[in-house]
Amino acid sequence: MAKYGKKASEKVEKAMHERKRGTLKSGSSGKKVKSRKQAIAIGLSEARKAGAKVPRKKSSSKKK
């Protein structure tokens, strides 16, 4: 069973192309994205908003 849907891979691919061209910008600050990991994260985030099949984000808060 695939973890990610086709729509999710398309969104990530689009974000990676934008990063390579230098047109991909981060959400709040609007700075150019240079990191490959950040480009993937933006693509997955857009896919989630579009309703694509993407696993949930891992929570950042760690329990002690």
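A contact is counted here when heavy atoms lie within 4.5 Å. On that basis, residues 24 or more positions apart supply 45% of the contacts in the chain that have a separation of 6 or more. The structure is a predicted model, in which local features need pLDDT of at least 70 and side-chain atom pairs count only at pLDDT 80 or more, while totals for chains, interfaces and linings use all residues. Residues are numbered from 1 along each chain as its sequence is written, and side-chain values use heavy atoms, with hydrogens and water left out.

Two helices and zero strands make up the assigned elements of the chain; helices (H or I, at least four residues) and strands (E, at least two) are DSSP runs, numbered from the N terminus. Along the principal axes, the C-alpha atoms fill a box of roughly 35 × 35 × 15 Å. Of the 64 residues, 22% count as buried, where buried means under 20% relative accessible area, exposed over 50%, and partly exposed in between (1.4 Å probe, protein chains only). The chain exposes about 5700 Å², with carbon and sulfur atoms supplying 52% of that area; accessible areas come from the Shrake-Rupley method with a 1.4 Å probe, and for residues only the protein chains shown count as cover.

Charge is the next topic. The chain carries 23 positive and 4 negative side chains, and the centres of the two sets lie 11 Å apart. Lys and Arg count as positive and Asp and Glu as negative, whereas His and the chain ends are not counted; each charge is placed at NZ of Lys, CZ of Arg, CG of Asp or CD of Glu.

Side chains of opposite charge can pair when their charged atoms come close. The structure holds two salt bridges, each defined as a side-chain nitrogen of Lys or Arg within 4 Å of a carboxyl oxygen of Asp or Glu. In one, K6 meets E10 at 3.6 Å, N to O. These two residues are four apart in helix α1 (residues 6-21), so about one helical turn separates them. K6 is exposed, at 65% relative accessible area, while E10 is partly exposed, at 39%. In the other, the closest N and O atoms of K14 and E18 are 3.0 Å apart. K14 and E18 are likewise four residues apart in helix α1, about one helical turn, and K14 is partly exposed at 48% relative accessibility.

Beyond the helices, S26 lies in the loop between α1 and α2 (36-49). S26 counts as buried because its relative accessibility is 15%. Apart from neighbours within four places in sequence, S26 contacts K31, V33, Q38 and I42.
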